[in-house]
Amino acid sequence: MWIVWTRAWTAEENRHGDLLKTYLYLSGRVDMLMIEKTMQYLIGAGMDPRTENNPYLGYVYTSFQERATFLSHGNTAKLAKEGGDPVLARICGTIASNKKRQKNAYAKIVEKLLELDPTGAMVAIADMMRKKITMPTHLMYDGRDP
């Protein structure tokens with residue numbers, strides 16, 4: 001069952017990126033070549049969330065990551081609406097609602113870990129807090145700007 005969730009989650013993440021990229025292309029407001037270069041650098045750089053192939057660390061990391069992206073997309077939706085772009089507001093609002101569902105799912109997993117293995121769960125939470133959870137986009141680079 002876990003593989004079904006993981007594949008669906010990955011497919012949904014891909015749809016979010018495709019939708020935003022298509023919006024950017026159709027809006028004509030950005031240099032798509034630079035967007036493509038930035039994405040190439042980001043994916044090429046890789047991302048190590050420092051979860052050490054430990055499922056507890058992975059669940060803790062993802063519960064924070066999904067919350068952060070929920071807030072980010074929700075805030076972008078709000079700013080887009082205030083700025084007079086209802087299309088972008090709707091896109092980001094939809095993504096934020098998907099992120100909220102994912103955030104809630106991972107939070108429930110961490111809650112269950114705390115219930116079933118409080119010591120192991122707290123050790124994982126403390127470990128990830130010491131490591132300072134970072135988002136994959138902190139590695140974004142367009143090949144020009146530092």
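Mentor: A nonpolar patch on the surface is formed by M1, I3 and V4, which together have about 370 Å² of accessible area. Such patches consist of residues with over 30% relative accessible area and no salt bridge, nonpolar side chains (Val, Leu, Ile, Met, Phe, Trp, Tyr) being joined within 5 Å and like charges within 9 Å; a salt bridge is a side-chain nitrogen of Lys or Arg within 4 Å of a carboxyl oxygen of Asp or Glu. Areas follow the Shrake-Rupley method with a 1.4 Å probe, and for residues only the protein chains shown count as cover.

The model is predicted: local features need pLDDT of at least 70 and side-chain atom pairs pLDDT 80 or more, while totals for chains, interfaces and linings use all residues. Residues are numbered from 1 along each chain as its sequence is written, and side-chain values use heavy atoms, leaving out hydrogens and water.

V4 belongs to helix α1 (residues 2-27); helices (H or I, at least four residues) and strands (E, at least two) are DSSP runs, numbered from the N terminus. V4 counts as exposed because its relative accessible area is 52%, the classes being buried under 20%, exposed over 50% and partly exposed in between (1.4 Å probe, protein chains only).

A121, in helix α5 (residues 118-131), is buried, with a relative accessible area of 2%. A121 touches Y56, L113 and L114, leaving aside residues up to four places away in sequence; contact means heavy atoms within 4.5 Å.

Of the chain's 146 residues, 30% count as buried. The chain has five helices and zero strands.
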